[in-house]
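The sequence and structure come first.

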Amino acid sequence: MKVHLKALGCRLNEAELEQWSHAFRAEGHSMVTDHQDADVVVVNTCAVTADAGKKSRKLMNRLYRENPESKLVVSGCYATLEADKVADHLGVDLVVPNPQKDQLPQMVMDKFEANTMPLIAMEPGESNLFQRGRQRAFIKIQDGCRYRCTFCIVTVARGDERSRTIADILDEVQRLQTQGINEIVLTGVHVGGYGSDLDTSLFDLVKAILSETDIQRIRFASVEPWDLPDEFFGLFEDPRLMPHMHLPLQSGSDTVLRRMSRRCKTDSFRHLVEQARQSVPGFNVTSDIIVGFPGETEAEWQQTMEYVESVGFGHLHIFSYSPREGTKASRLPNPVDELIKKERSLEMHALAERLKQDFAMQHVGQTVPVLWERQKLQGTTAIYAGYTPNFMKVETSVTNAVLLENRIVNTQLIGYDEQNQTLTGKVG
């Protein structure tokens with residue numbers, strides 16, 4: 001079979017695509033980059049917001065319309081929360097809810113596989129990440145979450161925490177490294193809770209990866225800020241652990257955090273950020289902010305604005321609150337007017353852009369190792385984009401005879417492009 005994999009939403013969904021790709025290829029099936037060439041199209045849906053659910057439905061419609069002859073398989077959070085609706089959706093041939101995700105490739109093969117084994121079964125094949133033009137791999141280390149933030153539907157869709165063994169994760173890291181992957185990203189629903197069901201921890205996992213593999217760069221996806229032990233940032237003494245973490249804050253007001261059932265107060269979050277920055281100069285902390293959570297007063301909003309500015313972030317993901325049926329927050333009183341949410345969102349975006357530029361400008365003049373990822377050609381010039389160790393985006397222009405893709409190259413940071421919000425770099 002020719003299989004096309006598509007994901008919406010989080011890094012975890014991307015990591016699951018890589019696992020499925022490996023399983024399909026191990027059984028002799030090929031991955032194709034164009035869904036119109038596929039016998040089977042697999043969509044890993046998202047439901048973190050109402051808009052994400054709408055995008056999932058639109059994607060399903062488009063994939064069916066553009067390749068009605070293929071088998072359409074739908075999984076992920078939207079498919080789990082709305083299983084009956086998805087199963088009845090035009091063109092959907094199989095729904096695989098989250099609890100069965102690990103069995104998805106086998107379920108697809110059992111249902112659709114022809115009685116032939118392609119020749120590709122005898123060939124090793126390169127990582128599906130390269131076929132999608134990627135130089136980093138997302139590794140799913142765990143699933144599910146034991147906490148219940150009042151706004152979050154994902155914990156409902158993903159269920160209880162389940163961690164992969166350290167040995168299993170190490171095998172995947174080593175496999176990806178042999179395929180030329182330079183950077184891995186450890187991802188999950190509750191990354192900081194890794195190992196709670198296996199009598200181990202994220203700290204132990206990272207130590208094992210550092211000591212038992214030679215992968216050049218290690219990153220984390222979003223990590224809840226209340227799970228990290230005091231000694232955690234000592235791990236960053238190893239330069240292979242990239243000096244960047246995405247620590248979701250959600251609000252700079254303790255009263256709003258209480259309504260969200262967040263387990264971190266603003267003082268403890270600030271202490272965590274200070275620990276990170278004291279451990280590694282230039283450590284980049286990025287975060288999430290929810291605008292207009294139910295009951296958010298003007299005073300609480302100003303607390304958030306002042307807190308965000310005082311902490312300083314290299315980047316912010318900003319979301320206007322939208323109610324999700326099945327969450328406690330959807331039943332909270334005093335919803336914030338949509339116009340006020342829009343005004344606050346614009347205000348926070350302006351602050352975030354300024355903070356991002358301030359952080360980037362602190363690094364202009366430095367020479368740092370950049371992992372160059374992709375290029376676009378303009379005549380005889382190739383424009384590459386890549387990321388510094390602390391996850392700042394950099395662009396550089398070289399002659400198209402210079403090949404940088406998937407190489408880590410020392411690069412001088414020479415300026416900042418305000419319009420594109422990227423650093424500019426000089427190679428060589």
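Predicted model: local features only at pLDDT ≥ 70, side-chain atom pairs only at ≥ 80, totals over all residues.

Strand E12 (residues 284-291) and strand E13 (residues 315-320) run parallel and are joined by six bridges. Within this pair, Ser-287 has Leu-316 of E13 as its bridge partner, and Ile-290 stands opposite Phe-319 in E13. Together with helix H12, the strands E12 and E13 make up a right-handed β-α-β unit. H12 covers residues 298-311, and its mean pLDDT of 98 is the highest among the elements of the protein chain.

Gln-250 is located in the loop between E11 and helix H10 (254-260), and its phi is near 80°. Is Gln-250 buried or exposed? Gln-250 has a relative accessible area of 6% and is therefore buried, the cut-off for that class being under 20%.

Ser-261 is placed in the loop between H10 and helix H11 (266-279). Its phi is near 60°, again positive in a residue other than glycine. With 37% relative accessibility, Ser-261 counts as partly exposed.

## The five-stranded sheet

A further open sheet has five strands in the order E2-E1-E3-E4-E5, with parallel pairing. Its edges are strand E2 (30-31) and strand E5 (92-96), each of which pairs on one side only.

Strand E1 (residues 2-7) runs parallel to strand E3 (residues 40-45), and five bridges join the two. Helix H1 (residues 11-26) lies across E1, E2, E3 and strand E4 (71-76); the helix runs at about 170° to E1.

## E16 and its partner strands

Strand E15 (residues 381-387) pairs with E16 in the antiparallel sense, over seven bridges. Thr-381 has Thr-399 of E16 as its bridge partner. The hairpin of E15 and E16 has five residues between the strands, and in this hairpin Phe-391 takes a positive phi near 65°.

E16 also runs parallel to strand E18 (residues 422-427), to which two bridges join it. Here Val-394 stands opposite Leu-423 in E18.

## Thr-396

Thr-396 lies in strand E16 (residues 393-399). Its relative accessible area is 3%, so Thr-396 is buried. What does the side chain of Thr-396 reach? The side chain of Thr-396 comes to 2.7 Å from the backbone oxygen of Gly-425.

Not counting residues up to four places away in sequence, Thr-396 touches Trp-372, Ala-382, Ile-383, Tyr-384, Leu-404, Gly-425, Lys-426 and Val-427. Of these contacts, Ala-382, Ile-383 and Tyr-384 fall within the residue range of E15, 381-387. Gly-425, Lys-426 and Val-427 fall within the range of E18, 422-427.

## Leu-346

Leu-346 lies in helix H13 (residues 338-361). Its relative accessibility is 57%, so Leu-346 counts as exposed, the cut-off being over 50%. Leu-346 and Val-398 are 52 residues apart in sequence, and their C-alpha atoms are 36 Å apart in space.

## Confidence

The average pLDDT of the protein chain is 90, and 95% of the residues score at least 70. Over residues 114-127, however, the pLDDT is below 50; this stretch has 17 contacts in the model beyond near neighbours in sequence. Which element has the lowest mean pLDDT? Among the elements of the protein chain, the lowest mean, 50, belongs to helix H6 (residues 128-131).

Technical notes
Residues numbered from 1 in each chain as written. Heavy atoms only, no water. pLDDT = per-residue confidence, 0-100. Helix = DSSP H or I, 4+ residues; strand = E, 2+ residues; numbered from the N terminus. Contact = heavy atoms within 4.5 Å. Pairing = 2+ DSSP bridges. Right-handed = clockwise from strand over helix to strand, strands pointing away. Buried < 20%, exposed > 50% of the residue type's maximum accessible area, 1.4 Å probe, protein only. Polar contact = N/O pair within 3.5 Å; in protein donor to acceptor, adjacent residues only side chain to side chain. Axes fitted to C-alpha atoms, helices over the stretch in contact; angles between N-to-C directions.
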